[in-house]
Each structure stands twice: as structure tokens, then as C-alpha cells.
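Let's go through this one by asking what each label rests on. Each answer puts a value next to its cut-off and then draws the conclusion.

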Amino acid sequence: MTKPNRQKPGANAKGSSFKGKGVNRPYKGKPSGRNTQQESKPAVETIELSDKKERIAKVIARAGLCSRRDAERWIAEGRVKLDGKVLETPAIVVGPDNVIEVNGEPLPQPERPRLWKYHKPKGQITAARDPEGRATVFDNLPKDLPRLQPVGRLDYNSEGLLLFTNDGGLKRKMELPATGWTRRYRVRVHGQVDERHIKTLAEGITIDGVHYAPIEASISHQAKTNAWMLMSLKEGKNREIRRVCEHLGLIVNRLIRISYGPFQLGEIEPGDIVELPAKLIRDQFGLENKAKNPEKQKDPNGKQNRSGKKPQGRTGGKPSGRSANKKTGPTRGKSASSSRNKRS
């Protein structure tokens, strides 16, 4: 796993967003009618999490038809067939060889795991629906995106980086405490922060029977009545920063998440969503590359060449000890240093 990029304090610190091939411009506001889903899909490899057997409700949900809870309800209603027979219980596991039908139609093939980063504004709830009628993080997302699931949550009054994925398995893997990813926040509190607060946070604290693991904190700016702090934690319990600060007599009046593991908020504007390249996901999670499977060549002795390169050594009448390309140094008119930089 690659190390997270370090970032200076600030929700919009420069140099922290992913740039280069495979990252598209952010969506701004409501969809414009264009096929934004096709534009957002990077031209990179298809990847899969696993080929093992899974519970049928999970497989249906991964195909993007509904949630796992809705899939279980559909099974109870007799809307799902397994290998031609109506399924009566969701307590069954299926594999690639099973045939699943929903409402008389074959189950569509699941899309490759994809990941988006979203700059959540203040005043949105991290849920698909809210009984109180408050705005949700899904309200202004482009309508032609696949069914997305948030990775973790941000409170209604919190803002900053919120990750979305179309794959439940990837979501759960990112949320597991065993993953050990650090969440970093910029926190503005009302009150005077001193070394006593920093030490208490670093040692961990128990509040109303709930133990909170150590939190790394530092003061980035102290004013008369407010202070900005940079806080890092790994557990991410419900309202953890707000409860811990309140216990110490510090009232949080702004909370901005700037990173989640190796993923940075960067410079995307509030309300914008950007898809991350599939190569980045594969590198972070060790996912298998299913699309690019170069033909395996064999050497003259019949042995397999896994690299896909032509076998070296004597393949004809010419000796192999000398390179076929005689231009081994920098090209004329260019310095050796620029040639080295290009190779690196």
C-alpha cells in the first residue's frame, strides 16, 4: 500500500488532488443533460474484487439493481429465481456458475468497482432519504451515475471529503478498522486550546463508558476566542471529534475532513464529485486486473515467458550480446541530464 500524500492544513490545499490521466474534471451543480457517466469513466483496466461464492442478496446488490435489504425483500416476494426455480430464502450463497433472474430478467453483470471523491457541503445528511426532509448528499449528484454508496459518514454540519463507491465489498473493506486508514480533519473550536488538551487527546479518553482511541492533534492557529486545529484519528466513531472536544470544554463550530487514508480532498469545490482512476484503486487494494491479460509468449525451449516480452538470447544468426539499437546515449542537441530525467 502506498503512503498517503502529505498535505498542508487547509480544505483546499494545493497539490493534493489526483491529477493526470484517468481523472476527469469535477461535476459542478446539477447534471447538464450530457452523458456524464460516460465522460467520467477513465480509460483504465477493469478490476474485480473476488470470484468466491457470496450471499445472493449481496450479488444482486452488486449488480446495481437495489440494496441488499431490498434484494432480501424481493426474494421474499418471489421475484427472484435461482437456476430456474423461484427462490424462497435469501440464506443461500451463489457462485459464477449459478443463473439468477430478477423479475424474469437475467441478472446484469456487475460493473467494475469504481470510486469517487465528493466535497460534501455543510447542511447535507449522508443518507439516501431523510424522514425530516433535510437535503442529502444524493440530491445534486448527476442522475446518470450508477447506484452509489457512501464510504463512512459525515455529520449534517460537517463538510469535506466523502468517498462514494458502486461496490459494497469495496465500501466495507474501506470502512473496516483493521484497514488502519487515518482520517484527517481541520477543526475550528470555540475556546482556548492549550497543551493540556493536546496531551489528553494523545492519551485517549473515555466518555460515558465509550472509549476513544488516541487522537493526534496540533494547533495551527489560535485567536482570542477561536482556534484552528489539525486532528487525525483512525477509529472514526459517531461524532467522535465533537464529543471529545465538548468533553474538554471546546465547542466545534466547523469540521472539515481533508483526507481519508490515501485519498485527499484536494481543490474540488463544494458539491463537486470526481471519479478516481481504476489503477489507483487496484494499487491501493491489490485488486486483480482482468482486462489487460497480455498473451503469454513462450521461449524457444517451450517455457512460459510471464513478462510478455520477447525471449532474449540467440534467436537467429545474430548474437544477442549487442543491442540492435546503436543509439545508446542522449540524442544530439539534448543534454545528458535531460535524457536521464526522461528515463526516470
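**What the labels rest on**

Q: What share of the contacts in the chain between residues at least 6 apart in sequence join residues at least 24 apart?
A: That share is 68%, where contact means heavy atoms within 4.5 Å. Before we go on, this is a predicted model, so local features need pLDDT of at least 70 and side-chain atom pairs count only at pLDDT 80 or more, while totals for chains, interfaces and linings use all residues. Residues are numbered from 1 along each chain as its sequence is written, and side-chain values use heavy atoms, with hydrogens and water left out.

Q: What makes up the secondary structure of the chain?
A: There are eight helices and 21 strands. These are DSSP runs numbered from the N terminus: a helix is H or I with at least four residues, and a strand is E with at least two.

Q: Why is Asp167 called buried?
A: Buried means under 20% relative accessible area, exposed means over 50%, and partly exposed is in between (1.4 Å probe, protein chains only). Asp167 comes out at 2% relative accessibility, so it counts as buried. You'll find Asp167 in the loop between S10 and helix H4 (168-175), and its side chain reaches the backbone nitrogen of Gly169 at 2.9 Å. Over the whole chain of 344 residues, 40% count as buried.

Q: How do you know that the buried residues of H3 line one face of the helix?
A: In helix H3 (residues 68-76), the buried ones are Ala71, Trp74 and Ile75. Looking down the axis of H3, they fall within an arc of 100°, so they line one face. The arc is that of the directions from the helix axis to the C-beta atoms. Arg69 and Ala76, on the other side of H3, are exposed. The cover over the buried residues includes helix H2 (56-62), strand S3 (80-82) and strand S6 (100-102).

Q: What makes the contact between Arg79 and Glu77 a salt bridge?
A: A salt bridge needs a side-chain nitrogen of Lys or Arg within 4 Å of a carboxyl oxygen of Asp or Glu. Arg79 and Glu77 have N to O at 3.2 Å, and they pass. At 28% relative accessibility, Arg79 counts as partly exposed, and so does Glu77 at 44%.

Q: Why does the pair of Glu275 and Arg112 tie together parts that are apart in sequence?
A: Their closest N and O atoms are 3.6 Å apart, and they form a salt bridge. Glu275 lies in strand S18 (residues 273-276) and Arg112 in the loop between strand S7 (105-106) and S8, so the pair ties together parts that are 163 residues apart in sequence. Both Glu275 and Arg112 are buried.

Q: How do you know that Glu240 has no salt bridge?
A: The nearest side chain of opposite charge to buried Glu240 is Lys237, 6.6 Å away. Here Lys and Arg count as positive and Asp and Glu as negative; His and the chain ends are not counted. The side chain of Glu240 does reach the backbone nitrogen of Lys237, at 2.8 Å. Glu240 sits in helix H6 (residues 240-247).

Q: Which residues touch the most other members of the largest nonpolar core?
A: Among its 32 residues, they are Phe164, Val189, Met231 and Ile241. S15 gives the most to this core, with four residues. A nonpolar core is a set of buried Ala, Val, Leu, Ile, Met, Phe, Trp, Tyr and Cys residues joined through side-chain atoms within 4.5 Å.

Q: What makes the phi of Arg239 stand out?
A: Most residues other than glycine have a negative phi. Arg239 has a positive value, near 55°. Arg239 lies in the loop between S15 and H6, and its relative accessible area of 38% makes it partly exposed.

Conventions
A polar contact is a pair of N or O atoms within 3.5 Å; within protein, one must be able to donate a hydrogen and the other to accept it, and residues adjacent in sequence count only if both atoms are side-chain atoms.
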